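Me: Please take a close look at one part of this model, the nonpolar core, and at what surrounds that part. I would like one connected account, with the cut-offs stated.

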Amino acid sequence: LQTTIFCISHEIPLLLKFCNRIGIMKDGEMVEILTLNRNRKKVTIENTPINPYTKSLFQAFELDSLI
């Protein structure tokens with residue numbers, strides 16, 4: 001369908017379910033864009049998060065295994 005939906009949320013697990021890419025913003029600036037790879041039951045991140053803020057967000061939701 002070539003459709004783009006812009007979703008703003010602090011809930012990383014929700015975004016992992018619905019998005020192909022996640023942009024991480026801090027203090028009004030984009031610090032990182034993560035690209036998700038969807039396999040049957042598993043979501044992996046194609047590019048390794050390098051920003052400490054991104055890592056802290058994933059740790060806050062106990063998603064350390066993804067980074």
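Reply: **The nonpolar core and its surroundings**

The largest nonpolar core is made of twelve residues: Ile-12, Leu-15, Leu-16, Cys-19, Ile-22, Ile-24, Leu-34, Leu-36, Ile-45, Leu-57, Phe-58 and Leu-63. Such a core is a set of buried Ala, Val, Leu, Ile, Met, Phe, Trp, Tyr and Cys residues joined through side-chain atoms within 4.5 Å. Buried means under 20% relative accessible area, exposed over 50%, and partly exposed in between (1.4 Å probe, protein chains only). At least two core residues come from each of α1 (12-18), β1 (21-26), β2 (29-38) and α2 (52-60), and α1 gives the most, with three. Helices (H or I, at least four residues) and strands (E, at least two) are DSSP runs, numbered from the N terminus. In soluble globular proteins, nonpolar side chains tend to be buried together.

The model is predicted: local features need pLDDT of at least 70 and side-chain atom pairs count only at pLDDT 80 or more, while totals for chains, interfaces and linings use all residues. Residues are numbered from 1 along each chain as its sequence is written, and side-chain values use heavy atoms, with hydrogens and water left out.

Leu-34 is one of the core residues. Leaving aside residues up to four places away in sequence, Leu-34 touches Asn-20, Arg-21, Ile-22, Ile-24, Ile-45, Asn-47, Pro-49, Thr-54 and Phe-58; contact means heavy atoms within 4.5 Å. Ile-22 also has Leu-34 as its bridge partner in β2. β1 and β2 run antiparallel and are joined by six bridges. Two strands pair if DSSP finds at least two bridges between them. β2 is also antiparallel to β3 (43-45), with three bridges between the two. Arg-38 stands opposite Val-43 of β3.

On α2, the buried residues are Thr-54, Leu-57 and Phe-58. They lie on the same side of α2 because they cover an arc of only 95 degrees around the axis, the arc being that of the directions from the helix axis to the C-beta atoms. Their cover includes α1, β1, β2 and β3. The face of α2 turned away from this buried side carries the exposed residues Pro-52 and Ala-60. Where α2 starts, a side-chain oxygen of Asn-51 comes within 2.8 Å of the backbone nitrogen of Tyr-53.

Most residues other than glycine have a negative phi. Asp-27, in the loop between β1 and β2, is not a glycine but has a positive phi of about 55 degrees. The β1-β2 hairpin has two residues between its strands, and Asp-27 is exposed at 72% relative accessibility. Glu-62, in the segment after α2, likewise has a positive phi, near 55 degrees, and is exposed at 71%.

Cys-19 belongs to the core and is buried at 16% relative accessible area. Its sulfur is 5.5 Å from the closest cysteine sulfur, that of Cys-7, so the pair is too far apart for a bond. Cys-7 is partly exposed at 44% relative accessibility. A disulfide is counted when two cysteine sulfur atoms lie within 2.5 Å, and a search of the whole structure finds zero.

Technical notes:
Polar contact = N/O pair within 3.5 Å; in protein donor to acceptor, adjacent residues only side chain to side chain.
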